[in-house]
Amino acid sequence: MQLDFVSSGRSVSDLKAHLILTTKYRKNVFTASMLVRLNEILEELLVKWECKLIEFNGEEDHVNILFQYHPNVMLSKLVNNIKTVTSRRLRKEFAEQINTIYWKDVLWNGSYFIASCGGVTISTLKKYIENQKTPE
């Protein structure tokens, strides 16, 4: 049994999501120090949402975020908050670097990619469900 289940009230869950955010126009914006700071901001922000950052990494024009969340979290609102807060804070803290690339107050592309992730494959889960003992 996994030890990273989230228990709250009457539910126990293990929900994880993979989020990819790209910079506006896929511009090469991020430096190593910016990615380190973004990781810190994400950890703080996800705790406020009662979520947990599992893994983070990025390149010059995009980031990958793997996090665990509770069933009560509305992912679209969480993603919107992540984009808003990280954009505002990075533009403030790295204004000199970002303002050479963008002349407007932007950082992220308007769209994003998010996918649910599980601890087991779909085929394993399908076999488990198929092998349940149906009452007679």
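Author: Start with the largest pocket. Its lining consists of Cys117, Gly118, Gly119, Val120, Thr121, Ile122, Thr124, Leu125 and Tyr128. The model is a predicted one.

Reader: How much space lies in the largest pocket, and which helix gives the most to its lining?

Author: The space is about 190 Å³. Helix H4, residues 122-130, gives the most, with four residues.

Reader: What is the make-up of that lining by class?

Author: Five lining residues are nonpolar and four are polar. No charged residues take part. Gly counts as polar in this scheme.

Reader: What makes a set of residues a nonpolar core?

Author: The residues must be buried, of a nonpolar type such as Val, Ile or Phe, and joined through side-chain atoms within 4.5 Å. The largest such core here has 30 residues. Phe30, Val63 and Ile65 have the most contacts inside it. Strands E3 (15-22), E4 (52-58) and E5 (62-69) each supply at least two residues, as do helices H1 (32-48) and H2 (75-93). H1 supplies the largest share, seven residues. In soluble globular proteins, nonpolar side chains tend to be buried together.

Reader: Which residues is phenylalanine 30 in contact with, leaving aside neighbours within four places in sequence?

Author: Phenylalanine 30 is in contact with Thr23, Leu35, Leu38, Glu59, Glu60, His62, Val63, Leu90, Leu107 and Trp108.

Reader: How do you know that the length of H2 is close to what is expected?

Author: H2 has 19 residues. The expected span takes 1.5 Å times one less than the number of residues.

Reader: Which residues of H2 are buried, and what do they pack against?

Author: The buried residues are Leu78, Val79, Ile82, Lys83, Val85, Thr86, Ser87, Leu90 and Arg91. They pack against E3, H1, E5, helix H3 (95-99) and strand E6 (113-117).

Reader: Why is histidine 70 called buried?

Author: Buried means under 20% relative accessible area. Histidine 70 has 6%, so it counts as buried. Histidine 70 lies in the loop between E5 and H2. Beyond residues up to four places away in sequence, histidine 70 touches Val6, Ser8, Ser11 and Leu15.

Reader: Why is histidine 18 called partly exposed?

Author: Histidine 18 has 24% relative accessibility, so it counts as partly exposed. Histidine 18 is found in strand E3. Leaving aside neighbours within four places in sequence, histidine 18 is in contact with Asn64, Ile65, Leu66, Phe113, Ile114, Ala115 and Cys117.

Reader: Why is tyrosine 25 called exposed, but arginine 26 partly exposed?

Author: Exposed means over 50%. Tyrosine 25 has 63% relative accessibility, so it counts as exposed. Arginine 26 has a relative accessible area of 44%, so it is partly exposed.

How values were computed:
Residues are numbered from 1 along each chain as its sequence is written. This is a predicted model: local features need pLDDT of at least 70, side-chain atom pairs count only at pLDDT 80 or more; totals for chains, interfaces and linings use all residues. Side-chain values use heavy atoms; hydrogens and water are left out. On a 1 Å grid over the protein atoms alone, a cavity is a set of points where a 1.4 Å probe fits but cannot get out, and a pocket is an open set with protein on both sides within 12 Å along at least five of seven lines; lining residues have an atom within 4 Å of a point. Grid points are joined across faces, edges and corners, and a volume is the space filled by probe spheres set on the points. Buried means under 20% relative accessible area, exposed over 50%, partly exposed in between (1.4 Å probe, protein chains only). Contact means heavy atoms within 4.5 Å.
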